[in-house]
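Me: I have a model open and want to talk it through. Can we start with the domains?

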Amino acid sequence: MNARCARLLASLPEADFRPPRGRRAVLSNGLTVHLLKDATLPVVHLTAFVRTGKICDPADRIGLGEMTAALLKDGGTLNYKAEEMDRTLEYLAASLESYLGIEEGRAGLTVLKKDLPAVLSIFSDMLMRPAFAPEKTELKRAELLELVRRRNDDPARQAVREALRSFYGPAHPYGWRAEEASLSAVTADDMKAWHANYYRPDNVILAAAGDFGSEEGMLRGLEAGFAGWKPGGTVSPGIPPVELPAGRRVFHIQKDVPQASIVLLLKALKRHDPREFPLAVANEMLGGGLSSRLTAEIRSRLGLAYSVYSYFVKKPDYGYTLAYCGTSPGSVGRALSEMLRQFSLMGEKAPPAEETARARNALINSFVFRFPTPFDLLTERANYEYYGYAPSYLDDYVRNIAGVSPEDVLSAGRELLRPDDAMVLVVGDARKLDRPLSEFGPVTELPGD
Amino acid sequence: MRRRQRPARASRGLPPGASEEKDPRYPPVVSCTLSNGLRLLVLEKKFVPTASFTIVFNVGNVDNPQGKTGLAHMFEHMAFKGTRTINSAGYAREKPALDRVEAAALALARAERSPRPDPARLEKLRAALASAQRRADALSVKDEYLKIYNALGENGLNAMTSTDYTGYVVSLPADRLEAWMAIESDRFKNPVLREFYREREVVAEERLMSDSDPNRLLWDVLMANAFTAHPYRNPTLGWPDDLAGLSRSDAEEFYRTYYVPNNAALSVVGDARPAEVVRLAEKYFGGWRPGELPSRCYTEEPEQRSEKLVNLFFKASPALRIGFHNPGMAHPDIYPLIMAGEVLSGGKTGRFYRRLVEGRQLALYAGAWAAAPGSRYPSLFAVAADPKAPHTLEELDAAVMDEITGLASEPPTRWELEKVINNYETELIRQLESNPGLGMSLAQNEAVMGDWRFDWKIGDGLRRVKPEDVSAAAARYLVRPNRTAVFLREPPEKGAA
C-alpha cells in the first residue's frame with residue numbers, strides 16, 4: 001500500500017451511526033405498529049410480520065401454510081374479486097405481496113402516496129377476509145406441484161435443501177419439504193382454519209414508512225382499516241426438540257453435472273445465545289467475504305472454486321453453520337479437505353489480533369447498510385421485536401461485536417466449528433471424484449429426486 | 001410525478017464545468033467531465049451516512065478480440081488483484097518474478113497448442129510455471145485490496161461484466177469518500193495482473209457453475225444460435241478453448257486499449273457533497289491519461305431469413321427460450337417492442353399470465369424482454385417460458401406464438417398501454433430509493449448509452465406509442481423467419497433414434 005493511501009486509511013474512524021427509533025404504537029385490537037414518516041419520495045411501504053411459518057404446518061399437510069399465504073393475495077377477498085384486485089393494483093403500479101417463510105408469515109405493500117387509501121383497503125381486506133376462490137386455489141396448487149417437479153433443476157439449490165433435510169432429519173419441521181401428496185391433501189377448509197388461527201391482529205407486527213402525511217393520520221387510517229379484526233385465540237404447535245448426532249456424517253446424491261456442490265453443516269446456536277457475537281466474528285473470518293479464509297485458500301490460492309462461503313443461521317432450537325463450495329467433480333476431495341482443515345484451524349489457535357480486528361471492523365462498519373432507507377430500518381426494528389430480541393439489541397450490536405477478542409473467536413471455533421461433527425453432503429458424479437467420499441466418513445446415498 | 005426535494009446546497013460551491021440538473025423531470029444529478037474525459041455523476045441523498053460508488057467502462061464481451069472471448073470478464077477478475085503498491089511487498093522485486101511467470105505460461109501455451117504436444121515436455125513446463133508462480137507469490141501481499149475494503153466496512157463490493165460494459169461497485173460509510181478515490185484511481189491507473197493463471201482456473205469453475213444451471217445454459221445456447229456473425233453470440237465467460245488460452249499479456253493489452261478515463265463514467269450516490277466529490281475526483285483521477293479508442297464496428301448481424309429451432313438436451317425440466325432480432329435501441333421501433341413485451345408479460349393482467357398461465361394453464365410462467373443480451377447493438381426480443389406438466393413444449397410454444405402474433409390482430413387497449421406507462425414511471429421513482437441501484441443505472445447509461453437520463457427518455461418514447469404501432473412492430477419483427485427457439489429437453493434414451 002502506498003504511503004498516502006496508508007495515511008488516509010489510518011485516519012479513518014469506525015463508522016458511527018445510531019439508527020433512529022421510529023415510533024411504536026399498539027392499535028386497539030392489539031396490532032403492533034412501527035412508524036416513521038419519510039417524505040423523500042412520494043412512496044409508502046408497509047410490511048407485516050405474522051407469527052406463523054412453514055414450521056407450523058401439520059405433518060401431513062406440508063405446504064398448507066405456503067399455499068394459504070400465497071392465496072391471500074391471489075385468491076381474492078370478501079370485498080374484492082381476485083381479478084379486480086390484480087387490475088387495480090397493476091394499473092396503479094402498486095405491489096402487494098403475501099408469502100410464508102420458515103418462521104414467519106409476511107405481507108407487504110408498496111404504493112404511490114396518492115393511491116395509499118385505495119390500496120390500504122385492499123391490503124387490510126387481504127389480511128382479514130381472504131376468499132380462497134376455488135379456481136385460484138387449484139391454479140396455485142398446480143403451480144406449487146410444478147415447482148416440486150422442478151426443484152432439482154439447479155444442483156446447487158438442491159444440495160443446500162437436501163443437506164438441511166438430512167441434517168435435521170426429514171421428520172423434523174426444520175428439515176421438511178412439501179411433496180406432491182402433502183400439497184394435494186390441502187383443502188379449502190384447511191386454509192380457512194390456518195388463516196383464522198394465525199392471521200389475527202395481536203399476532204401481527206406491522207412496519208410502515210414513507211410519505212403518508214402524518215404519523216397520527218396513518219395510525220388513524222390503520223385503526224379504521226383494521227377495525228373489526230378480532231384478536232386472540234391463536235394456537236401454535238410446539239416444535240419437537242432438535243436432535244443432532246455427534247460425529248461425521250456424509251451424504252451423496254448421484255448427479256452427472258459439470259460442477260459438483262459440497263455443503264458442510266454444523267450445529268450452531270439457539271436464538272438469543274450471547275455466543276452469536278463471537279460466532280459472527282469467527283464466521284466473518286472463516287467464510288464471510290472475499291478476503292475470508294475459505295475464499296482466500298480455496299478460491300484465490302488453490303483456484304478450485306468460484307463460489308465458496310459460509311454463514312450461520314439462528315433458530316429457536318439449534319441453528320446451523322453452513323459452508324458451500326462449487327467445484328469440478330475431479331477436485332471435490334481436495335476442496336472438501338481444505339474446507340475441513342479451515343474449520344479445524346478455527347479451533348486450534350486464536351486468530352492474529354489484526355485478523356480479528358478486521359473481521360470485527362467489517363461487521364461494525366457495514367452495520368449501517370442494514371438500514372439504507374427508513375423503511376429498511378423499521379423493518380429491522382419490527383423483525384427484532386418479532387424474534388423476541390431486547391429492544392436495545394440493534395443499538396447494542398456494535399458494542400457487542402467490538403468486545404469480541406481473539407480468545408472468544410477461538411472458543412467459538414472449539415465449541416461450534418468442530419469438523420469432526422460436520423455433516424457433509426455432495427451432489428455430483430461419484431465416478432469422477434478425485435477421492436472416494438468414504439475417506440471423509442460413512443457415506444449414505446440419497447435418492448436424486 | 002412530483003418534483004423531488006432537493007438539497008439547496010447541492011449546487012453551491014460547484015467548480016466550473018460542473019452543473020446540477022434543473023429540469024424537474026430528472027433527479028438533480030450533478031455532472032461534470034474531467035479534462036481527461038472521465039464523466040462524473042453525483043446525487044446527494046441523506047438518511048444514513050453511506051454512499052454507493054460505481055465505475056462503468058464502456059467495454060464488454062462484444063469488444064474481445066477474435067479468439068479471445070471471455071477476456072473482458074477475465075480482466076474484471078484481475079482488477080481485484082491489486083496495483084504496484086497494493087498487494088505487493090515491493091514491486092521492483094515482484095515485477096521480474098511476474099515476468100518470469102508470464103514467460104513460463106506463454107511457453108506452456110505454445111507447447112500445449114503445438115500440433116503434437118509432447119507430454120513429458122508439457123509436464124516440465126507446467127512444473128516450471130508452478131515454480132515461477134510460487135516465487136512471485138512470495139513477493140505479493142495476498143488479498144490486500146480485499147482486506148482494505150473489508151476493514152473499511154464495504155457493502156456489496158463487486159464487479160460485473162456484460163456484453164456491453166464492465167462495472168465496478170462498492171458501498172461504504174460516507175466518510176470513506178477520499179479513501180475510495182485513492183484506492184480506485186490507483187486500481188485503474190496502476191493495475192498489476194498478478195495471480196493471472198490461478199484466477200483463470202477460478203473463472204473456469206465459474207464456467208462450470210454456469211453450465212450446471214439449465215437457465216444460464218439456455219440463454220447461452222439461445223444467443224449462440226440466434227446470432228451468427230455479431231459477437232453477441234459469444235458467452236460472457238468465454239468459450240472454454242478461448243478461456244484456456246488467455247494470457248496475462250492479452251489482458252494487459254486489453255486494459256491499455258479500453259481502460260482509459262475517456263471510456264468511463266463514475267457515479268457517487270448517497271451522503272456525499274457534489275463539490276467535494278468533484279474536487280477529489282480531480283485530485284485522484286485527474287492525472288489519468290486518456291487514450292484513443294478503437295472503432296467498435298463489429299460484423300453486423302445479417303438478416304435472419306429462416307426460423308431456427310434448437311433442441312438442448314439436458315437433464316432438467318423442460319423449458320423454452322425464444323429470440324427475435326430487434327432493430328436496436330436507437331431505432332424508433334424499439335418503443336413499440338418494449339411496449340409489446342410489457343403488454344405480454346406485465347404481471348397477472350399481462351396477456352401471457354391471463355391466457356397461458358391462468359386461462360389455458362399450460363405455462364408455469366412466461367416473460368418477455370425487448371432487448372437482450374445488450375443495448376449497444378441490435379439484440380433480441382426475448383421470451384422465456386416453462387411448461388406446466390402434462391403440457392408439452394410444443395403446446396407451450398404454439399400458445400406463446402399465438403399471443404405474440406395476436407398482438408397484430410388484437411392491438412393493446414388503452415388500459416394496457418396506460419398500465420405499462422404507470423408502472424414504468426413508478427419504477428423510475430422507486431429506482432431512486434436504492435443508492436447502489438441508482439448509481440449503477442446512472443453510470444451505465446452515461447458510459448454506454450451516452451446519457452445518464454436514458455431511462456427517463458425511454459419513458460418519453462413509450463408515452464408516444466399508439467396501439468397500432470405495437471401491432472405493426474409485432475407484425476414486422478416477431479415473426480417466424482426472424483426467430484430462434486431453444487427447447488430444453490431430457491436427453492433421449494440411449495438406443496433411441
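Reply: Chain A is assigned domain 1 (23–225) and domain 2 (249–446); the bounds come from an automatic or database domain assignment. This is a predicted model, where local features need pLDDT of at least 70, side-chain atom pairs count only at pLDDT 80 or more, and totals for chains, interfaces and linings use all residues. Residues are numbered from 1 along each chain as its sequence is written, with chains lettered from A and ligands numbered from 1 in the order in which they are written.

Me: Now chain B. How many residues of chain A and chain B are in the contact?

Reply: 58 from chain A and 63 from chain B. Among the elements of chain A that each supply at least two residues are helix 5 (134–149) and strand 10 (320–327).

Me: And overall, what share of chain A is buried?

Reply: 49% of its 449 residues; buried means 20 or more other C-beta atoms, placed from the backbone, within 10 Å of a residue's own.

Me: What does the C-alpha trace of chain A span along its principal axes?

Reply: About 60 × 60 × 40 Å. Chain A has 16 helices and 12 strands.

Key
Helices (H or I, at least four residues) and strands (E, at least two) are DSSP runs, numbered from the N terminus. A residue is buried if 20 or more other C-beta atoms lie within 10 Å of its own, exposed if 12 or fewer, and partly exposed in between; C-beta atoms are placed from the backbone. Two residues are in contact if their C-beta atoms, placed from the backbone, lie within 7 Å.
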